[in-house]
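Here is a short briefing to read beside the model.

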Amino acid sequence: MYDGGKIIAGLIIGIGLLMSPFFYNAGKAAKEPERALTDKAKQAKQCVMDKAYMTSSHFSLLDEWRHTVVRDGERYYKRADGKVFYKSLQVTCMDCHSNKANFCDQCHNYMAVTPYCWDCHIAPEEKK
Amino acid sequence: MNFILSIVVSSLAVVILVLIPWIGVGALDLRVIFGILVPYAAMATFFVGIVVRVVDWARSPVPFRIPTTAGQQWSFPWIKSNPIDNPKGNTGVIVRMIFEVLLFRSLFRNTRLEYRRTAEGMPKVDYEWEKWLWLAALVFHYSFFVIFLRHFRFFMEPVPGFVALLESLDGFMQMGVLPLNGLGLPGVYLTDMLLMMAVTYLFLRRIYISQTRYISLPADYFPLFLILGLGLTGILMRYFIRVDITAVKQLAVGLFKFSPTVPEGIGVIFFIHLFLISVLIAYFPFSKLMHFAGVFLSPTRNLSNNSRFKRHINPWNYPVKVHTYEEYEEDFREAMIEAGIPVEKESE
């Protein structure tokens with residue numbers, strides 16, 4: 001091999017960097033988020049939309065609500081089956097999901113998502 | 001192969017690569033194969049393949065320096081030399097390599113040759129300023145790199161700090177996708193758009209310039225289409241056909257911890273995205289994508305131009321039998337003196 005020392009050193013550094021997720025995760029307990037539902041949320045059975053939609057796209061719904069409330073002044077949302085919701089993060093959403101730390105933050109921290117909801121809204125006080 | 005056939009063949013290959021996981025997971029529900037076996041096989045091919053290729057390169061002798069320089073060589077103190085473009089030692093080489101790897105300097109020096117006739121009908125050759133290829137290449141590579149690093153939020157638990165920094169920088173414009181309600185979230189990343197624009201430009205440039213089109217093969221179009229497909233599936237998954245990303249992260253972290261699981265409820269689009277990246281990294285060691293490692297081994301960039309003061313011996317030289325002038329004179333001194341030919345050493 002020619003210049004073998006330098007090339008092997010470079011190869012080890014490069015492969016090591018590319019394999020860093022293997023080293024980083026090794027030996028750490030993979031803590032998966034556990035969404036906790038409050039009793040009130042459990043009783044309600046269904047959220048505004050079905051569970052799959054709420055898991056993947058709740059922010060779209062919130063954003064749509066924000067736009068229609070702030071710009072168009074429409075404060076009520078009528079679901080396909082006729083049920084009406086008052087469009088409000090603090091009053092409607094957080095009424096059932098009053099456990100922000102165990103409901104919102106679990107997954108947001110896991111995925112390193114930093115929603116800007118609470119830049120303006122007041123997070124509900126949690127009962128310890 | 002003409003260019004239309006090349007484009008058809010390579011785009012057809014990408015379409016088939018999209019269909020394989022679509023049918024495999026969507027219809028046949030082979031989640032373990034596409035979620036665990038394929039990524040592991042691809043990663044193994046990638047790492048083993050890269051080591052084999054690089055070791056193979058390292059075994060090839062570099063018998064002499066290849067001074068394709070763009071600067072004055074070091075010679076006399078009163079001649080100004082260029083220590084970076086024509087380095088005589090390691091420091092200059094390291095600086096030149098940093099410029100090459102991080103800023104694509106040799107591509108920056110790219111010019112376009114233009115042959116035309118002047119108004120008087122005289123032929124004229126011009127070297128035109130041409131930076132678009134360099135710019136698109138730089139944008140493409142850095143966008144891809146940032147996107148790769150941003151994916152570490154799926155690869156690592158807990159998520160390291162640099163990911164949050166990158167995401168906030170990348171998404172600082174907080175743009176919506178479309179001016180429609182509900183499509184403003186999650187925030188649009190600059191690198192996503194830049195990557196797609198750069199790949200599209202690189203493809204159009206390839207077919208627009210006739211010389212480039214002439215030398216383009218399916219091996220040139222295929223990686224472009226694959227990366228385009230990869231970007232499209234990623235963007236689709238983020239904005240339009242969403243999947244449960246906590247489940248995706250469980251799958252990814254499980255792969256890296258060697259305790260793989262396929263959680264329930266991940267949409268087919270994710271498996272298409274995963275299959276395309278698996279194909280890309282498995283294809284890596286066999287293709288021109290190896291320039292990723294090869295750029296570090298470019299002989300015209302990583303060798304100092306010291307041939308004038310350091311002897312480099314070709315390693316495959318066989319021993320040549322030589323007869324030096326001293327020996328020659330030793331053999332024929334008497335005859336030379338007799339014939340009046342000057343000699344270096346008079347006989348005693």
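This is a predicted model: local features need pLDDT of at least 70, side-chain atom pairs count only at pLDDT 80 or more; totals for chains, interfaces and linings use all residues.

A polar contact here is a pair of N or O atoms within 3.5 Å; within protein, one of them must be able to donate a hydrogen and the other to accept it.

**Where chain A meets chain B**

- The contact draws on 35 residues of chain A and 43 residues of chain B.
- How many residue pairs are in polar contact between chain A and chain B? The count is nine, with both residues at pLDDT 80 or more.
- On the side of chain A that touches chain B, the elements giving two or more residues are helix 1 (4-18), helix 2 (20-25), helix 4 (51-72) and helix 6 (100-110) of chain A.
- Helix 4 of chain A provides the largest share of that side, with nine residues.
- Sorted by class, the side of chain A that touches chain B holds 20 nonpolar, nine polar and six charged residues.
- Salt bridges across the interface of chain A and chain B number zero by the rule.

- Look for Lys87(A) in the loop between strand 2 (84-86) and helix 5 (89-96) of chain A.
- Is Lys87(A) buried or exposed? Lys87(A) counts as buried, because its relative accessibility is 6% and the cut-off for buried is under 20%.
- The side chain of Lys87(A) makes a polar contact of 2.9 Å with the side chain of Thr68(A).
- Setting aside neighbours within four places in sequence, the residues in contact with Lys87(A) are Trp65(A), Thr68(A), Val69(A), Glu74(A), Arg75(A), Tyr76(A) and Tyr77(A).

**Salt bridges in chain B**

- Side chains of opposite charge can pair when their charged atoms come close.
- Asp85(B) and Arg109(B) form a salt bridge, with 3.4 Å between the closest N and O atoms. Asp85(B) sits in the loop between helix 2 and helix 3 of chain B, and Arg109(B) in the loop between helix 4 (105-108) and strand 1 (111-117) of chain B, so this pair ties together parts 24 residues apart in sequence.
- Asp85(B) is buried at 8% relative accessibility, while Arg109(B) is partly exposed at 33%.
- A network of salt bridges links Asp85(B), Arg105(B) and Arg109(B).
- Arg112(B) forms a salt bridge with Glu130(B), and their closest N and O atoms are 3.6 Å apart. Because Arg112(B) lies in strand 1 of chain B and Glu130(B) in the loop between strand 2 (123-129) and helix 5 (132-150) of chain B, the pair ties together parts that are 18 residues apart in sequence.
- Arg112(B) counts as partly exposed at 36% relative accessibility, whereas Glu130(B) counts as buried at 9%.
- Arg31(B) has a salt bridge to Asp29(B), with the closest N and O atoms 2.9 Å apart. Arg31(B) is partly exposed, at 22% relative accessibility.

**Backbone details**

- Most residues other than glycine have a negative phi, and most peptide bonds are trans.
- Asp29(B) has a positive phi, near 60 degrees, and is found in the loop between helix 1 (3-26) and helix 2 of chain B.
- Asp3(A) also has a positive phi, near 55 degrees, and its place is in the segment before helix 1 of chain A.
- Which residues does a cis peptide bond join? Glu157(B) and Pro158(B) are the pair, with omega about 0 degrees. Pro158(B) lies in the loop between helix 6 (152-155) and helix 7 (161-170) of chain B.

**Domains and distances in chain B**

- The domain assignment gives chain B domain 1 (3-317) and domain 2 (319-348), and their C-alpha centres lie 63 Å apart.
- Pro77(B) belongs to the loop between helix 2 (31-58) and helix 3 (90-103) of chain B, and counts as exposed at 81% relative accessibility.
- Between the C-alpha atoms of Pro77(B) and Ala164(B) the separation is 51 Å, for residues 87 apart along the chain.

Terms used. Residues are numbered from 1 along each chain as its sequence is written. Chains are lettered from A and ligands numbered from 1 in the order in which they are written. Side-chain values use heavy atoms; hydrogens and water are left out. Contact means heavy atoms within 4.5 Å. A salt bridge is a side-chain nitrogen of Lys or Arg within 4 Å of a carboxyl oxygen of Asp or Glu. Helices (H or I, at least four residues) and strands (E, at least two) are DSSP runs, numbered from the N terminus. Ala, Val, Leu, Ile, Met, Phe, Trp, Tyr, Cys and Pro count as nonpolar, Asp, Glu, Lys and Arg as charged, and the others, Gly among them, as polar. Buried means under 20% relative accessible area, exposed over 50%, partly exposed in between (1.4 Å probe, protein chains only). Domain bounds come from an automatic or database domain assignment.
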